[in-house]
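The entries follow the structure.

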Amino acid sequence: MLHQPVLLQEILSFLDNHNFQPHFVVDGTFGRGGHSRALLQKYTQVKLVGLDRDQEAIDFGHKNFQDFISQQRLQLIKTNFKDILTYKPQILNFFAEHLPD
């Protein structure tokens, strides 16, 4: 069965209606990457960090999102989103590598 991200169209519509042009996004529950893929495809300038505590989700992401990883637009970290501050330096470094002057 194919995973269907919850409220995906509503989220994208909300972003469109508010002229939101994200550059940096943290997906705190990467899972099968449905929301992440939609954001990476729709907003070609976005860099995204996907967090998940499940090693299967991280492995799935490495296997199925290799194009975004190789473009340095996606980084996956195995952790629970509640521990995000533990990875703050790593996340900020990932984003800072591509900050425009």
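I looked up Phe-24 and found it partly exposed, because its relative accessibility is 36% (buried is under 20% relative accessible area, exposed over 50%, partly exposed in between, with a 1.4 Å probe and protein chains only). The model is predicted: local features need pLDDT of at least 70, side-chain atom pairs count only at pLDDT 80 or more, and totals for chains, interfaces and linings use all residues. Residues are numbered from 1 along each chain as its sequence is written, and side-chain values use heavy atoms, with hydrogens and water left out.

I then turned to Phe-95, which is buried at a relative accessible area of 11%. Phe-94 and Phe-95 form a tilted aromatic pair, 5.8 Å centre to centre with 45 degrees between the planes (ring centres of Phe, Tyr or Trp, the last by its six-membered ring, lie within 6.5 Å; planes under 30 degrees apart are stacked, over 60 edge-to-face, the rest tilted). I noted that Phe-24, Phe-94 and Phe-95 form one aromatic cluster.

I next examined helix 5 (residues 88–96), whose buried residues are Ile-91, Phe-94 and Phe-95 (helices are DSSP runs of H or I, at least four residues, and strands are runs of E, at least two, numbered from the N terminus). These residues cover an arc of only 95 degrees around the axis, which puts them on the same side of helix 5 (the arc is that of the directions from the helix axis to the C-beta atoms).

Last, I checked the backbone of Leu-7, which has a positive phi of about 60 degrees although it is not a glycine. Leu-7 counts as exposed, at 51% relative accessibility.
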